[in-house]
Each structure stands twice: as C-alpha cells, then as structure tokens.
Amino acid sequence: DSMEKKMDLIDMGPIVKMYRIKNGFTQEDLSEGICTPSYLSRIENSHVIADVEIYQLLFQRMNIKFNEFYEESLNIERELEEIYIHLLGNKEPFDNKDFKLLTDPAKYFFKKDLHIKAKLVFIRYLITSKRYKEAELLINEIEEVLQLAADRNTFIYINVAIPLYYLLNKQREAILLFHEATKIRDLLSNGTPFEVACYYYNVALLFCKEYKYVEAIEYCQKAFNKFSDIYKPSLDFKCHILLGVAKNNLAQYNLAKHHYKVCLNILRNTEKMRSPKNFNMIYSNLGYCYECDGNFKQALDCYTKVLEYDPQVVDYLSIIRCHYQNNNIDSAIKYLNNILEMDTIIEIKYQYQIDILAFILLGKMNVKTADDIESLEEKSLKYFKENQYHTLTIFYSKLFAQFYKKINWYKKSSKL
C-alpha cells in the first residue's frame, strides 16, 4: 500500500523546502529522527521521491496536518473540473482565485495525475485567451510524461490538444493524435456527453480544414447525437455553420442554405448569441453559398448585410468579387476604393487579392504591364498554394488565365 501511494506521488521536495524555510527549520532540525540531513537535501533538491510516511513525519514536525493538506487536493480536483467545463464554453476563468488555482504548483505536488490535470486545464485557459504558443510549450511538456490510456487525463489531453494543433495550423499532428485516440478503447467514456460532443465537433472542424467534407459531416452528426438531450445553442450554432460549409463545398447548395438559415433562427431565439460576429459569419457564408450557386443577386444581398455587422476587408473583397462576376464593374470599383482608403494593416492573403483586383478593375491589365502581372501571378498563387488557400488559388488562377488568353499568351493561359 505504501508503494502504491509512493507511485501516486510526484516530486514534493520543493514543497518540503518551502515550508521548512518558512517555519525556520534547518535541515538538521527537520530531519532528526526521520532521515539523514543528506537524504532530506536529496528530497528537497528533487533527487529522490521518498515514501509517503517520511513526508507525513516531516510535515508533522513542521506542525502541518499532512492528511488535511492531502484532502485539499481532492477538493482542488473538483474545482479544476468545474473550471475546465466552464472553459469549454470558451469563457475566461471566473475570477483571480481560479487563475491562481491553475498556476500555483504547490497545490498539486501530492498527486501526479492532479498535477497533469492542472496543466491541461491551464492549457485550455491559454487557448481561450488565444495564447497559442504558450499553450504549445505546455502541451509539449505534457506529451513527455503522459501515458495515453482510457482515463480522464488522456481524454482531456485529446480534447485540448486537437483544437490547439488546429489553431496552430498543425493539421498533421492533430490527425495523428485523432488516430491515436481511436485506438484507445472506451476513451470517450471518460467524458460527459457535452465534452464528447465538443470532441466530435473539433474532429469535424479538423476534417473540414483538410477538405475531407464527407468525414466532417459524419463527425458533426455524431456531435449532434451526443448533445441531443442537452440544449447548447453555441455548439448547435457552430455545428450548423460547419455543416453549411462542408455541404457548400460538396455543391449541396440548398442543404447548405438550410443550415445557415437554422443558424439565423438560433440567433433570433437566443439573445445572448446575437453578436455582430455571429451575424457576420452567417451572412458571409450564406452569401458565398449563393455565389457558388451562381445567384449573384442573392449573394450580394447577403454580402451587403454583412457590412451592417462589423465588416472586415474580406467582406469588401467578397462584394467586389461578386460584382465583377456579375459584370457590375463600376460597383466593384466603388468597393475597391473603399478598401484602398482604409487606414489599417491588411493581411498578406487579402493584400494579394486587392493588388490583383486593382489590376483588373482599374484597367492596368494590358500588354504593357504583362511582366508586372506575371510577377504578381507567380507570387500570389505560390502564396495561396503554400498556405492551402485552394479556393483562392482556383478563383485567381482563372482570372490570370483569362488575361493571358486576351494577350495571346496561350501556353501560360493553358497551364493555369
């Protein structure tokens, strides 16, 4: 039994040292009759993990109730679980007390599993706070010590690491981890239905980013099945958006439109979700669906509505693209000028599109500028392909191909 307890402990040496100094003990005073001063020094310097009985005696001499301290760890575990579930909703921790609970190592040196769980919950906090690089450093530490098994910590690790890798654009690592998870029998039994639904949604999101839309739909449906008995409008909303994106990319336009309209109903019935960001997301996706279906008028109606909800550069680009395809050149130029007048830093993937559209709409695409256009074509399409912006690669390849055809560069046009 003593060995089992010992196996469940990790390095408590720094805690012993902290309390020894705090209470004014020398190593000789504290260790007398319990162990040698040199052995205590090895404990404090993390060179050895002692039997639990030695820790009990050392804490007793410092007038600290070891058992109460140990029981506190059980209460802390319950609190960690509450914080984790709260963070799954992408919310900040409740208050400073919770943040201290996540970052105070003294709380967790009694149980190895508890120490790992605290780090995992803190990683979830960092993800919520969009501190992805810090979260990656911690997840690397966890991966060095965590043995994957059908237990609670492994389940939390999988549910934290997959979305983190997705956000870091490390799809390969996320896919490998997903396959590892599928090999662990009964792993998902360690999560609540809501947590398992979140896991399925994150896997669906991953497949969607990998352009595996059939698999994305399958896992979205699994998420729906898991939270059918508990109404979670935020997750419901995200799943319908994802299903709309997947089905639109499979050219199932009417089905995609249905999912976006369900999202509008969710917002109408859920006041706390009526944010500009959510309305923007729906109308921009719905507009793109109509655009892909060739219905430019409906697409423009949706894209114009987006401008009512915190518009971004990408929203203006969608309107310009749609007007151009519908041969409304004057309107396209008007919105292009709106972008050109913006006093903001523009991401490179948007700047390339602005540069291309400026060439087209402002009459700069001609034989005299062919060399400049060829340089822009090579740089922009290379960037789009390297970053797997496949939709942009296809759309702008067609535009360049049309231009090269007009100036009789048929070989270049055919290649694109």
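Are Arg321 and Glu291 buried or exposed?

1. Arg321 is buried, and Glu291 is buried as well; buried denotes a relative accessible area under 20%, exposed over 50%, and partly exposed in between (1.4 Å probe, protein chains only). The two residues form a salt bridge, their closest N and O atoms being 2.7 Å apart. Arg321 belongs to helix α18 (residues 313-325) and Glu291 to helix α16 (residues 276-292), so the pair ties together parts that are 30 residues apart in sequence.

2. The model is predicted: local features need pLDDT of at least 70, side-chain atom pairs count only at pLDDT 80 or more, and totals for chains, interfaces and linings use all residues. Residues are numbered from 1 along each chain as its sequence is written, and side-chain values use heavy atoms, with hydrogens and water left out.

3. A salt bridge here is a side-chain nitrogen of Lys or Arg within 4 Å of a carboxyl oxygen of Asp or Glu. This rule gives 16 salt bridges. Helices are DSSP runs (H or I, at least four residues), as are strands (E, at least two), numbered from the N terminus.

4. Arg152 and Glu81 also form a salt bridge, at 2.6 Å from N to O. The pair links distant parts of the chain, with Arg152 in helix α10 (residues 152-167) and Glu81 in helix α6 (residues 66-88), 71 residues apart. Arg152 is buried at 17% relative accessible area, and Glu81 is buried at 18%. Both residues belong to a network of salt bridges that links Glu81, Lys117, Arg152 and Glu195.

5. Within helix α9 (residues 132-145), Lys133 and Glu136 lie three residues apart, about one turn of the helix. Their salt bridge has its closest N and O atoms 3.7 Å apart. Lys133 is exposed at 58% relative accessibility, whereas Glu136 is buried at 10%.
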